[in-house]
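Me: Could you go through this chain with me? I'll ask as I go along.
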Amino acid sequence: MRWLHDRSIGQKFFLSFGVILSLLALSLTALLVYLSRINSYVDRHKRITVPAIVTAATMQRSAYEMNLSLHIFLEQVTKTGADDTLARLTRHTDEIRQSLQLYRSTHAARTHPILLGMLNQHQRLDLADQEDQAVAEIDHALQELNGLWSAALAQPQAPGTPHSPTTKADALIATLTHNLDQLVAAHRDIDVEMKVEGDLLLQQARLVALGLVAVLGLVIAVIYLSVNRQIAKPLQRLSVTADRVAHHDLTAQFESWPGRDEVGTLAASLSSMVTSLREQTAATARKTKELEAFTYSVAHDLKGPLREIEGFSSLLEKRFLEGGDAETRHHIDVIRRSSLRLTHMIDALLKYSRLEQQDLPRQRFNVLEMITTLITDRFSGLQGPKPKIQVALPFADLYGEPVSIRQAIANLLDNAAKFSRHTAAPAITIGGTRTNTERILWVQDNGIGFDAAQSDKIFGLFERLHSPQDYEGTGVGLAIVKLVMDKHDGRVWAESTPGAGSKFSLAFPERAEIIVDRTAPSSPLPSA
């Protein structure tokens, strides 16, 4: 087994299939051997037993005709009849002798070693002895009859006369007929033994075939169990562990492979890879914490001077509010607004950084209720023209992390309100669609729009299509939206035409376990 463990998977399968093919070859060879033995039995039956019985029956017919010719002559005694009868009797005797010689040289059991071995195996050598005795008696009777025909026909007497040639000839014919009957009976019994031999051969062939099939099945079962235990199950556990690693579970441990085959090399490589990944992940986590601490430190250090700049610029603005020239007041205003914008950018960047480092635990929540609350909070205290907002969601539930999704929707609503505020009748529509794989939520406005060629650029960090003097903002809002959707394994895209408004869509993956939605009817919300 140690040797087998050290073989490659290809060598293991080659050895397994070699064993199976060897057993199949052995099975085929055994069946061919038994088929040849059965064919040999059939051939012996055709060449020995049947012709022997036919030859013996022919001798019986000749003996019957011999006896019939003798008795007809005795009833009608003539000189001419004596010559004809002698010729017939001599001919019948010669026929029986020739048939007996053929029988002895071709059909007798002792002339066939295989047949004699079969009788010996069946403990029926008495049949061969019976056959030999019958042949000897027949030969002896034929020899005596040859010397009696002339005397019996020269002095014909009725059968039963003591010591007459006719009586002796009649007795010899009776002996001949009896021994021919014994010969036929012996060979019939031999034929029965041959049929028994054929049945035994057939039964042995069946047993051998069944035994080889059972052994082959056992070998296949052993190979299957061995492959399942040594290869399939460990591969399955290896696959499960690899899947855990693929899903960022670096606590997973790869089992040591018992052999030195390709899978053992793969398992060792994967184990080494996971160890390396753990070390790199730990190093990355340390670097991330250091970078996060550095970011917060820099942000804190930057926000302190910025607050001072904003505070002193506010004091200067108040001092020069009534006195001083307009250019000085303008410069002070630019300094204050720039410091405020830089502060907001730092806050947005910190918010983006925190979101990027967070794991978002997901749950099913009521997104319709979230949007309603968000609209109320966002637009209730808005100064100036208020957009008309309409919500038409075909679903109420959504699966995700509620806080980050609320932040993404809030950013889209702020953008929609910001870029449609100069429109005569600003309007915002929140809708959605459902597919078998996704739930899509979109926010559409009738604002200034933008060139569709810029649709990918706007989701970049600090990417802006307008100057801060025209539209306020930090350039981080849509980047946060993109980050939120990436963390939800979703999609975000924008559709727009300059002067015709914009439409931002969020696609969330559909969950397998679906909770019955409380479908929200299309209903316009009152302007905030």
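Me: Is D489 buried or exposed?
Reply: D489 is exposed, at a relative accessible area of 58%, where exposed means over 50%, buried under 20% and partly exposed in between, with a 1.4 Å probe and protein chains only. This is a predicted model, in which local features need pLDDT of at least 70 and side-chain atom pairs count only at pLDDT 80 or more, while totals for chains, interfaces and linings use all residues. Residues are numbered from 1 along each chain as its sequence is written, and side-chain values use heavy atoms, with hydrogens and water left out.

Me: Where does D489 sit, and what is its phi near?
Reply: D489 belongs to the loop between α11 and β6 (491-496), with helices (H or I, at least four residues) and strands (E, at least two) taken as DSSP runs numbered from the N terminus. Its phi is near 55°, a positive value in a residue other than glycine.

Me: And what about phi at Q123?
Reply: Q123, a residue other than glycine, has a positive phi near 60°, and it is placed in the loop between α4 (113-121) and α5 (125-154). Q123 counts as exposed because its relative accessibility is 70%.

Me: Back to α11, how does it pack with α10?
Reply: Helix α10 (residues 402-419) and helix α11 (residues 477-487) pack at an angle of about 145°, and their axes are 9 Å apart. The axes are lines fitted to C-alpha atoms over the stretch in contact, and angles run from 0 to 180 degrees between N-to-C directions.

Me: Which residues make that contact?
Reply: On the α10 side they are S404, I405, Q407, A408, N411, L412 and N415, and on the α11 side G477, L478, I480, V481 and V484, with contact meaning heavy atoms within 4.5 Å. By class, the contact of α10 with α11 holds 7 nonpolar, 5 polar and no charged residues; Ala, Val, Leu, Ile, Met, Phe, Trp, Tyr, Cys and Pro count as nonpolar, Asp, Glu, Lys and Arg as charged, and the others, Gly among them, as polar.
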